[in-house]
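Dear colleague,

Please find below the structure that I am passing on to you. My findings follow it.

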Amino acid sequence: MIKKMLSKYTSNERKNLKWIFLFLLPSILIFLIFNMIPIITIFVTSFTKWDGFNTPQFIGVDNFTRLFQDNTFIISSINLLKWSVLASTVHVGFGVLVAFILYEKPIGGKFTKSVFMIPNVISAAAWALIFKFLFDNEMGVINSFVRIIFPDFNVSWLNSSPYAFWAVTLTWLFFAVIVTLIVLNELLAIPDSLIEAAQIDGATKWDIVKRIQLPMCRKSIGTSVIASITARVAMYEQIALTTSGGPEDDTMNLPLMLVNSINNYNYGYANTIGVMMIIFGLVTLVAVNKLFRMND
């Protein structure tokens, strides 16, 4: 098969391919060692009982059966679906809106872009702690302002249901600078001649946005949706440092379940959760690729 592939190229091109493969070799080895082998290990050990120290014992699909019967997993999956919907609509939508506004180069646009970057400069752990103090019932800024109008206001945002879910969601929902940068970059790549031609033909600003800019930003928006949803799949610090999955599992998610299983020396079960996270990420990738026609 390799000979057939190489036969399509000239001798000079074959020599270039050898150099390409040579330079790619370190990246391939790093991928195999640090990504592929761990992924294979996760899948294999998900069918075992393993404490992380002794030899794994094969138990078939018992871990998966136990997982699907676990009420915490069901709640975590529902939370993930809710966060995925919010991420793909509100989070990405807000980022796209800001990108289109910045594209028009408004007054203060550069300052806005710089300020908009701040949440992504700060680590997720530090950002979670900032919000933990913001939502604090006794000395938090939010409750302090509310009590100016309602002196008897007393809500422990991160420790009571259903407020905890929305408090955790607000730690990331409107911080969409990555989405903005991805979409803005593709907006700037659209030829000015195309916009000018549409204007000459009598197209309104909304027509240009709807019929030219949004369709041509389809792939960047799709990429943003994938990045946003997969970030929710792997979201850990925001929850671990604010609610620890409570109250009543209202903010529980798969990474927190995985870490709890590892802390209990139940590595086989933890890797079963890891497999479900990988599957959810792959399903998201395929679904968004088809929805946004990313390969066209």
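With which side chain does the side chain of asparagine 137 make a polar contact of 2.5 Å? The partner is the side chain of asparagine 154. Please note that the model is a predicted one.

Asparagine 137 lies in the loop that runs between helix H6 (124-134) and helix H7 (141-149). Its relative accessible area is 12%, and because the limit for a buried residue is under 20%, asparagine 137 counts as buried. A further polar contact, of 2.8 Å, links the side chain of asparagine 137 to that of asparagine 143. Leaving aside residues up to four places away in sequence, asparagine 137 touches Asn143, Arg147, Asn154, Val155 and Ser156.

I turn next to the nonpolar cores. The largest has 30 residues, and those touching the most other members are Leu67, Trp83, Trp172, Leu254, Met257 and Ile273. Two or more residues of this core come from each of helix H3 (62-68), helix H4 (71-103), H6, helix H8 (163-169), helix H14 (254-263) and helix H15 (267-291). H15 contributes the most, with 6 residues.

Methionine 257 is named among the core residues that touch the most other members. Residues up to four places away in sequence again being left out, methionine 257 touches Leu67, Asp70, Thr72, Phe73, Ser76, Met252, Tyr269 and Ile273.

There is also a second, separate core, which comprises 28 residues. Phe100, Leu184, Ile212 and Phe292 are among them.

With kind regards

Methods: Residues numbered from 1 in each chain as written. Predicted model: local features only at pLDDT ≥ 70, side-chain atom pairs only at ≥ 80, totals over all residues. Heavy atoms only, no water. Helix = DSSP H or I, 4+ residues; strand = E, 2+ residues; numbered from the N terminus. Buried < 20%, exposed > 50% of the residue type's maximum accessible area, 1.4 Å probe, protein only. Polar contact = N/O pair within 3.5 Å; in protein donor to acceptor, adjacent residues only side chain to side chain. Contact = heavy atoms within 4.5 Å. Core = buried A, V, L, I, M, F, W, Y, C linked by side-chain atoms within 4.5 Å.
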